[in-house]
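Let's walk through it together, piece by piece.

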Amino acid sequence: MNSDAIQGANPQDPDQRVIALVDDDRNILTTVSIALQAEGFATRLYSDGEAALGALLNNPPDLAIFDIKMPKMDGMELLRRLREESALPVIFLTSKDDEADEAAGLQMGADDYIAKPFSLRLLLARIHAILRRSDARRPLVMSDAVPADTSEKIDRGRLHMDPARHHVTWEDRPVSLTVTEFLLLEALAVRPGVIKSRNQLMDAAYPDDVFVDDRTVDSHIKRMRRKFRRVDPEFSAIETLYGAGYSFSDG
């Protein structure tokens, strides 16, 4: 089932959200698609990563949900190649007993993960939470009468962040961050030198109705550091204070 046709689309609602599902299990594709459409989403369905990659890059949805173990191109490789060009929000589906998959997925840039077998109610809650975070970073509509950007930009030495446009540069070179990574970095950069605990960072990046553990924050931080070190191998502005949390310093 590889289709770029939008299922459950409402032609009278141009703002309807589109969710892409990538899984080789037809039952999961069907079940999740029906649940999403009942929630008001439109869906695109793909049975392997190879079929999905081009569509996700050329005609991106609002969010994608990947299985990890798939034929032709698994979810890990799909996410790796997607992250080379896109910060599309992604939720990983993982085997319940495979914590290594969860950690690896977050380190590669997934925004969240759900363990199989999963609750549709939980999946929908995570989708809404990530979309809310993504919405907070969308550029405001330009207008002759109203300024397009009321969010304060952040300049900290070599770091520049534009929250309204979800844009980050280091030494004037762009760094592509996911929504979750952006919110974590923003929480650190607004108060340089101040130690933020993992709980404080979770509060900054996740709404109250979504629970994540300490390992999730650590994985996102590691992923961010790798992204910055691609443009600056000496990057060390995100500091770990063992037993306390993280801080930002570019002094």
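**A first look around**

The chain holds eight helices and twelve strands; these are DSSP runs, numbered from the N terminus, with helices (H or I) needing at least four residues and strands (E) at least two. Bear in mind that this is a predicted model, where local features need pLDDT of at least 70 and side-chain atom pairs count only at pLDDT 80 or more, while totals for chains, interfaces and linings use all residues. Residues are numbered from 1 along each chain as its sequence is written, and side-chain values use heavy atoms, with hydrogens and water left out.

Of the 251 residues in the chain, 51% are buried. Here buried means under 20% relative accessible area, exposed means over 50%, and partly exposed is in between (1.4 Å probe, protein chains only). The chain exposes about 12100 Å², with carbon and sulfur atoms supplying 48% of it; accessible areas come from the Shrake-Rupley method with a 1.4 Å probe, and for residues only the protein chains shown count as cover. Now for contacts, meaning heavy atoms within 4.5 Å. Among those in the chain with a separation of 6 or more, 62% link residues 24 or more positions apart.

Let's start with strand S2 (residues 18–22). Five of its five residues are buried, so S2 is largely enclosed by the rest of the structure. In a regular strand the side chains alternate between the two faces of the sheet. In S2, Val-18, Ala-20 and Val-22 sit on one side and Ile-19 and Leu-21 on the other, and both faces are covered. S2 pairs with strand S3 (residues 42–46) in the parallel sense, over five bridges; two strands count as paired if DSSP finds at least two bridges between them. Within this pair, Ala-20 has Arg-44 in S3 as its bridge partner.

Next up is helix H2 (residues 49–58), where Gly-49, Ala-52, Leu-53, Ala-55 and Leu-56 are buried. The N-terminal end of H2 has a cap: a side-chain oxygen of Asp-48 lies 3.0 Å from the backbone nitrogen of Glu-50. Further along, helix H3 (residues 75–83) contains Leu-79, which counts as buried because its relative accessibility is 0%.

Now move on to an open sheet of four strands. Its order is S7-S8-S9-S10, and the pairing is antiparallel. S7 and strand S10 (173–174) are the edge strands, each pairing on one side only. S7 and S8 share three bridges, and Arg-156 stands opposite Leu-159 in S8. Helix H6 (residues 179–189) packs on the sheet, touching S7, S8 and strand S9 (167–170), and its direction makes about 120° with that of S8. That angle is taken between N-to-C directions, on a scale from 0 to 180 degrees, using axes that are lines fitted to C-alpha atoms, for helices over the stretch in contact.

S8 and S9 form a hairpin with four residues between the strands, where His-166 takes a positive phi near 50°. S9 and S10 form a hairpin too, with two residues between them, and Glu-171 in the turn has a positive phi of about 55°.

Which residues touch the most other members of the largest nonpolar core? In this core of 28 residues, they are Leu-159, Val-168, Trp-170, Leu-185, Phe-228, Ile-238 and Phe-248. A nonpolar core is a set of buried Ala, Val, Leu, Ile, Met, Phe, Trp, Tyr and Cys residues joined through side-chain atoms within 4.5 Å. S8, S9, H6, helix H7 (198–205), helix H8 (214–231) and strand S12 (245–248) each supply at least two residues of this core. The largest share, eight residues, comes from H6. Apart from this core lies another, of 22 residues, including Ala-52, Ala-64, Met-70 and Leu-88.

H6 itself is mostly covered, with eleven of its eleven residues buried.

Conventions: A polar contact is a pair of N or O atoms within 3.5 Å; within protein, one must be able to donate a hydrogen and the other to accept it, and residues adjacent in sequence count only if both atoms are side-chain atoms.
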